Amino acid sequence: MKRLELFLLILFCFSLNASRSQQAPDYNIKASLDPVENKIHVVQKIRYTHLKDFPTKEIYLNDWNHAYSSTKSPLAKRLVEEYNRSFYLSKKSKRGATVIESLRVNGKAHEWERPENQIDIIKVALEEEITKGSVVKLQIAYTLQLADAKFTGYGITDDETYYLENIFLSIAWQNSKEWAPMSHLDLEDIPNSEGDYNIAFSLPNKLKIVSNLTPYKKEAIKDELIYSYKNKDKKQLLFQIGAENDYSTFSFDRKEVFSNLKSNDLSEAGSRYSLKKINTFLNNTLGDSPHDRILLSQEKYEKRPFYGLTLVPSFLKPFPPQFEFEIKALNTYLYHYLNETLPLHPREDYWLIGGIHTYLMMRYVIEYYPDKKLLGLVLRQPIAKFLLKKYHFKDLSFEDTFIEYHGFVLRRNLQQALITPKEELIKFNEQIGTPSQMGLLLNYGVNFSDKDIAHFIAEIKSNQLNGPEVQEFFFDYFDLNQSTFFKTYATGRKPIDLRFSGSKEKEGQITFSVEEKNNFRPPFSIGLVKNDSLIKQYNFTGKQLNTSLNIAIEQADYMVINPRTKLPEFNPRNNWKKLGALGIKPLRLTFVKDLENPQFNQVFYNPRVDFNVYDGLSFGVRLNNKTIKSRPFTFNLEPFYSTLEKSLVGNFATSYSRLNSESDFYLTKIYLAGSSFHYDTKLRYSSLFTSINIFKRNRNLRDNKKQLINLFWQYIDRDENVNVVQNHNYSITGLNYIFSNKGALDYFTLNAGFEGSEKFGKINFTTEYRHLMRSGRQISLRLFAGKFLWHNTLDSSFFDFALDRPTDYLFQYNYIGRSETTGIYSQQFIPAEGGFKSQFDNPYSDDLLITLNSSIGLWKWVEAYGDLGYINQREQSSRILFDTGLRLNLVPDFLEIYFPLYNTKGLQLQGPDYQQKIRYVITFDPSTLTQLFSRKWF
């Protein structure tokens, strides 16, 4: 009887699996690689069973290889949005495409089309509507023209070398109501559900292939090898093809792991040990992987590296080889496992996929390397240990890096709602910010609810949860006060910010309350810290926020909110309270920037060198409180000693920033600054400046459109130059409106302003447009118009519009020699006002100035420019002027050189003084360069 029951149970399980196998899309693929033409010829059969409740008259197929066929595809647009112009500028021969040769439905030739805005999707309109359980058979012959791998990492990596992912046609994604095909956006996600694959891949016998699919046969026919693969319940297909195979093979627990991850100085035995350890960890948290073949490639790791390993330069070798290998392997393994086994939508549910990934990375390090610091082995060097003694980042653990990542985004007001779909996230949030935020929230939930993450994941799998269902399940499971916490936190942009509110110490006791700035009610703990060690901890529920609490001080130095399990908060500094009579945190002076240290009031200092013609080299120091993360209030003090004037010069600046996470007017900034330098030999100027700035942007943070309203007042006091008619003391009030949309292909700005004082009043308008053409040439146009409303100082041109070199009466331009009229310093070009590169006699206007500046690329960074201007002065006749020449645009807005060729005066190449006509742009402000590298992330 028992044998019969066992037989029936086995038969039942087999029938369930067979039933599921018949329902999943079944792919039968014969593919042949032509390495000469870089093409793959494919004959493919698809047996599709419609499993959804909605009836349909079409079938959608993923054809992500065709995303490389056009510079107008969703992929091309995505790359350009992130300032990757390589695909847009590429030759057609470097791009890929899919050529459909024939398509048959149930044995009959059939028409097909590509949706207008999704050229990497194929739509097959059926003759009759199909319902749940209907079966459709497709047979498709097509050729894949492979793209250069430099665009996304997939395609042709070298001569006869390829790295391919999800290259074949597959059934597109469906939700419960309709088809929802996803275009290729280089987001490292998988566009389809599970399928059963039977693939025969034919290659020239000189090439080798490694795949995450399970091979079952290899046969030689003439000069080719045919590799046959068969897998069930597979989403992702990976193939690495080339003459060499640099993968190492590791077999354990009925699994084969293929890895070419870079692991310096790590033996094969060490790699095997690490992989077994990782496998055990994942089995305990995620359950055993249903697939027996795992591919861990360096190429895949580099697409989404673990950024904790990249913060410290690799040449310092901060981590032991075994630790570095394990982090790389786990990071890559998790990508495969989570995408393959969880029923979550790869984009809509990315908040949870990315969060689980980050949480498990965090837990692995805590479990196996509990004392691991971010600087690792660097701190073992005596010199480094001494130099970094007072720096807070030396104490940063791997868990803390996720706090810092999320805090970095919050302080720039760039956070996005936790459940924002993956394709709508800015690059930093997609790869770092959102996974860090969710990983911290998961860790917090696990610790405070004492729930098991393995059971949480098992429930998601068994109940096939995704979308709103998995959102509700998460907050229910971890008891995070789901009714309010979910709606106001996960779906909004408001950050969490716990802080102490009111306290009174008496006889070894302290009475206090803890409040949350945005009315969230998470559970929390209070810890007592003495000599940097946690001596006691008390746990509280969310209902105890804003209530009076009382604990014994225990002779502690600090009282801390959530000392062990940290929430992703806006300002962790206010989680620390200094205990004692005054409750004032001590001051810490450190060299250059550091992370925020909640135990101290921090001031940073670093040496500075400045230069202008009149002060010469100036040596000084910068004192400021600017940490790596932005702070609401900042100050900056820079005193210098002028080596030429033998006196003190310098500047100061303070600012207060108020962020608004719920409004398009996301930032209000109040600014107060002053400076004192020399504007001519033995002549000093002093300036006091204050402004209020209101910044506006669209709710879609991927949109580059931004607006600014700026109201300012500035007072200038200058030593009087007896040889020049001038206005040496004056104050000016101004109002500016700025609109910008700075894209990689199209760059547009508009600036309209008013300036007024008792001496003059004027308005100005500037707009600039740049466009990068497919040839790689850039066209640039700039229009300036300025008009005086009144002018009471006709004896001086100091406040006039300038055709070629503004007088800079507001001292806002970074002139090296602002009063120079001859020599190399006078040739510095500031792209402002008239914007002419040639210098003319009487270049000022006290009435009206209109100019048009243009340039076009000729070859790489060589451009031709031309300027046309209309200048009118009140007591003189109007003039029309022009100039032309060549521009070396070495680093835009940072280093440029202009060579005049011809202008209103005639040919400029004639005469012995041509070198004096050359103009240049040079900027010493490092923030200009920083913006060039950071714009693709934000």
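Which residue in β10 is the bridge partner of Asn62? The partner is Ser170. The model is predicted.

## The three-strand sheet

Asn62 belongs to strand β3, which covers residues 56-62. Strand β3 pairs with β10 in the antiparallel sense, over 2 bridges. Both strands sit in an open sheet of 3 strands. Its order is β6-β3-β10, and the pairing is antiparallel.

The edges of this sheet are β6 (121-130) and β10 (170-171). Each has a single partner strand, so one side of each is left without a neighbour in the sheet.

## The eight-strand sheet

Another open sheet has 8 strands. Read across, the order is β5-β4-β7-β2-β1-β11-β14-β13. The pairing here is mixed. Strands β5 (108-109) and β13 (215-221) are the edges, and each pairs on one side only.

Take the β5 end. Strand β4 spans residues 97-105. It pairs with β5 in the antiparallel sense, over 2 bridges. Val105 stands opposite Lys108 in β5.

Strand β8 (residues 155-158) runs antiparallel to β9, and 3 bridges join the two. Gly155 stands opposite Tyr163 in β9. Together β8 and β9 form a hairpin, with 2 residues between them. In the turn, Glu160 has a positive phi of about 55°.

Strand β9 also pairs with β15 (residues 238-242). These two run antiparallel and are joined by 4 bridges.

## Phe250, a buried strand residue

Phe250 lies in strand β16, residues 248-252. Is Phe250 buried or exposed? Phe250 is buried, because its relative accessible area is 3%, and the cut-off for buried is under 20%.

Its contacts, not counting residues up to four places away in sequence, are Lys255, Glu256, Val257, Ser259, Glu268, Ser271, Arg272 and Leu275. Glu268 is 18 residues from Phe250 in sequence. In space, the two are 8.9 Å apart, C-alpha to C-alpha.

## Helix α6 against α5

Helix α5 covers residues 321-341, and helix α6 covers residues 350-368. Their axes come within 10 Å and cross at roughly 150°. The two helices are therefore roughly antiparallel to each other, since angles over 145 degrees count that way. The crossing is right-handed.

On the α5 side, the contact is made by Phe323, Glu326, Ile327, Leu330, Asn331, Leu334, Tyr335 and Leu338. On the α6 side are Ile353, Ile356, His357, Leu360, Met361, Tyr364 and Val365. By class, this contact has 12 nonpolar, 2 polar and 1 charged residues.

## Helix α6 against α3

How do α3 and α6 lie relative to each other? Helix α3 (residues 268-285) packs against α6 at an angle of about 120°, with the axes 12 Å apart. The two are therefore oblique to each other. Helix α3 passes α6 in a right-handed crossing.

Lys277, Ile278, Phe281 and Thr285 of α3 make the contact with Leu360, Arg363, Tyr364, Glu367 and Tyr368 of α6. These residues divide into 5 nonpolar, 1 polar and 3 charged. Leu360 and Tyr364 also take part in the contact with α5.

## Helix α6 against α8

Helix α6 packs with α8 at an angle of about 150°, and their axes are 8 Å apart. That makes α6 roughly antiparallel to α8. Thr358, Met362, Val365 and Ile366 in α6 meet Phe398, Glu399 and Phe402 in α8. The classes are 5 nonpolar, 1 polar and 1 charged.

Thr401 is found in helix α8, residues 398-411. Its relative accessible area is 2%, so Thr401 is buried. Leaving aside neighbours within four places in sequence, Thr401 is in contact with Leu311, Leu374 and Leu396.

Terms used: Residues are numbered from 1 along each chain as its sequence is written. This is a predicted model: local features need pLDDT of at least 70, side-chain atom pairs count only at pLDDT 80 or more; totals for chains, interfaces and linings use all residues. Side-chain values use heavy atoms; hydrogens and water are left out. Buried means under 20% relative accessible area, exposed over 50%, partly exposed in between (1.4 Å probe, protein chains only). Contact means heavy atoms within 4.5 Å. Two strands pair if DSSP finds at least two bridges between them. Axes are lines fitted to C-alpha atoms, for helices over the stretch in contact, and angles run from 0 to 180 degrees between N-to-C directions. Angles under 35 degrees count as roughly parallel, over 145 as roughly antiparallel, 65 to 115 as roughly perpendicular and the rest as oblique. A crossing is left-handed if the near helix is turned anticlockwise from the far one by less than a right angle, and right-handed if clockwise. Ala, Val, Leu, Ile, Met, Phe, Trp, Tyr, Cys and Pro count as nonpolar, Asp, Glu, Lys and Arg as charged, and the others, Gly among them, as polar.
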